[in-house]
Amino acid sequence: MKKPAATRQKEKTEIEQLSQAELVEMVLALQKIIEELQEKLAIATGKGRTTSQTSSKPPSRDLLHKPEKPTVKPEADQKKKPGGQPGHQGKTRKGFGRVDRTEISSPNICQNCGSQELSEVINIHRQQVASLVAKPIEVVEYQTQSCKCLECGAVVRGEPPLGIVPGQDLSVNLQALLVWLGNYGHLSYSKLTELLWELGRIEVGVGTLQKTNQRVAAAVEPAINALWKWAPLQLNVHVDETPWCVMGVKEWLWTARGEGFCLFHAADTRGRVELETMLGREFAGVLSSDDFSVYNGGKVAAQQKCLAHLRRHFKRVLGLPGDNNAAVAQIFLSLIDEAFRAHESWRKTKEQLTYDSWAQDFKIRLNKALATWLNQVGYALLFVTQILTR
């Protein structure tokens with residue numbers, strides 16, 4: 001039932017008097033309600049589902065609706081094949097930067113006539129090949145001898161070689177490799193035991209691997225703590241969070257990363273307290289993130305929102321009814337796509353002066369577009385454009 005004009009005017013006046021924070025909370029609540037209704041409608045109709053391309057949902061949610069049979073796309077729409085593309089400058093062909101061993105092969109007979117009378121070497125063809133050696137894991141027995149001092153009678157013992165820890169069966173470099181494969185490579189303890197058997201024919205128990213992981217974690221803890229104190233002092237930090245299942249309970253894995261570092265923070269919540277635990281209550285740099293509400297309103301020098309998320313929002317706005325929605329969405333979609341192209345070009349060429357010149361001109365055009373349309377859009381779109389101005 002349509003509300004009377006007086007009632008609508010009263011509601012509009014009340015909304016206009018709300019603060020920016022109250023408007024943000026209102027829009028987020030409405031957005032959640034809309035997404036829930038869209039999901040229910042999609043289930044009921046079997047179509048119209050929102051995806052990562054049309055909303056802020058993560059790409060992993062798209063897998064729920066993927067077809068079980070592959071679809072054949074027209075050749076013009078097919079993506080590039082994996083691997084090096086035509087014209088790509090390879091890296092391996094340039095060598096590996098070192099040579100551990102050299103093998104020389106000389107001819108001893110002419111393959112044309114069978115003669116063994118050959119001249120001196122007139123040409124050398126070189127080819128560097130990285131190979132897996134026969135025994136990548138070597139079992140060494142280190143004997144530490146003791147002697148008696150002829151002057152004072154004290155018994156002295158030899159020092160173990162570098163990388164060998166008394167009482168430990170695995171060398172430091174092998175322990176480091178196993179921890180890297182287990183934590184970064186996501187290999188389970190059972191797979192690590194299989195790998196050790198395949199590479200070196202040695203049996204290592206799961207208990208040994210667990211203790212190895214604990215030892216390395218304790219060894220790097222001081223460096224990690226120092227890095228957490230250093231990270232909030234950087235000019236730009238990217239933050240994100242994702243659900244993390246731990247023993248059947250949903251927890252959250254946060255990350256703070258920047259140039260040359262990446263830190264992880266395991267937490268029970270998705271609240272701002274975790275962000276403050278990582279970077280403190282105030283951050284003097286640029287905070288780069290998606291548009292999750294926790295990152296809004298914090299005490300930071302500046303914020304950089306994920307352009308991919310903003311692009312999804314504007315694509316949704318493109319299809320909304322309204323006088324200006326389509327026009328505004330198209331303008332900002334064009335600006336965001338231009339920003340993607342410019343940054344891709346800079347990553348390829350590293351021409352900083354060209355990129356800086358473009359950025360100055362882009363900022364002028366962006367502010368002009370914001371000034372033109374900011375007061376001519378609805379509250380939902382107002383929230384999106386406000387993100388661009390932070």
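Q: How many helices and strands does the protein have?
A: Of the 390 residues in this predicted protein, 23% count as buried. Among the contacts with a separation of 6 or more, 43% are between residues 24 or more positions apart. The secondary structure comprises ten helices and seven strands.

Q: Which residues of α4 are buried, and which exposed residues does the face turned away from them carry?
A: Helix α4 covers residues 189-200, and its twelve residues reach 16 Å from the first C-alpha to the last, close to the 16 Å expected at 1.5 Å a residue. Its buried residues are L192, T193, L196 and G200, and because they fall within an arc of 100° when seen down the axis, they line one face of the helix. The face turned away from this buried side carries the exposed residues K191, E194 and E198.

Q: Are α7 and α8 roughly parallel or antiparallel to each other?
A: Helix α7 (residues 307-318) and helix α8 (residues 325-349) pack with their axes 8 Å apart and at an angle of about 155°, and their crossing is left-handed. The residues that meet include L307, L310, F314 and L318 on the α7 side, and A329, L333, I336 and F340 on the α8 side. Since angles over 145 degrees count as roughly antiparallel, the two helices are therefore roughly antiparallel.

Q: Against which elements do the buried residues of α6 pack?
A: In helix α6 (residues 272-279), the buried residues are E274, L275, M278 and L279. Seen down the axis of α6, these fall within an arc of 115°, so they line one face of the helix. They pack against α5, β3 (236-246), β4 (249-258), β5 (261-267) and β6 (282-289).

Q: Which residue follows α6, and what is its phi?
A: Helix α6 spans residues 272-279. The residue that follows this helix has a positive phi, near 90°, and is G280.

Q: Which residues of α9 are buried, and which exposed ones lie on the face turned away from them?
A: Helix α9 (residues 352-373) has 22 residues, which at 1.5 Å a residue should span 32 Å, and this agrees with the 31 Å between its end C-alpha atoms. The buried residues W358, F362, L366, A369, L370 and W373 fall within an arc of 105° seen down the axis, so they line one face of α9. The face turned away from that buried side carries the exposed residues L353, Q360, K363, I364, K368 and A371.

Q: Does M247 count as buried or exposed, and what is its relative accessibility?
A: M247 is placed in the loop between β3 and β4, and its phi is positive, about 55°, although M247 is not a glycine. Because exposed means over 50% relative accessible area, M247 counts as exposed, with a relative accessibility of 83%.

How values were computed
Residues numbered from 1 in each chain as written. Predicted model: local features only at pLDDT ≥ 70, side-chain atom pairs only at ≥ 80, totals over all residues. Heavy atoms only, no water. Helix = DSSP H or I, 4+ residues; strand = E, 2+ residues; numbered from the N terminus. Expected span 1.5 Å × (residues − 1). Buried < 20%, exposed > 50% of the residue type's maximum accessible area, 1.4 Å probe, protein only. Arc of directions from axis to C-beta. Axes fitted to C-alpha atoms, helices over the stretch in contact; angles between N-to-C directions. Parallel < 35°, antiparallel > 145°, perpendicular 65-115°, else oblique. Left-handed = near helix turned anticlockwise from the far one by under 90°. Contact = heavy atoms within 4.5 Å.
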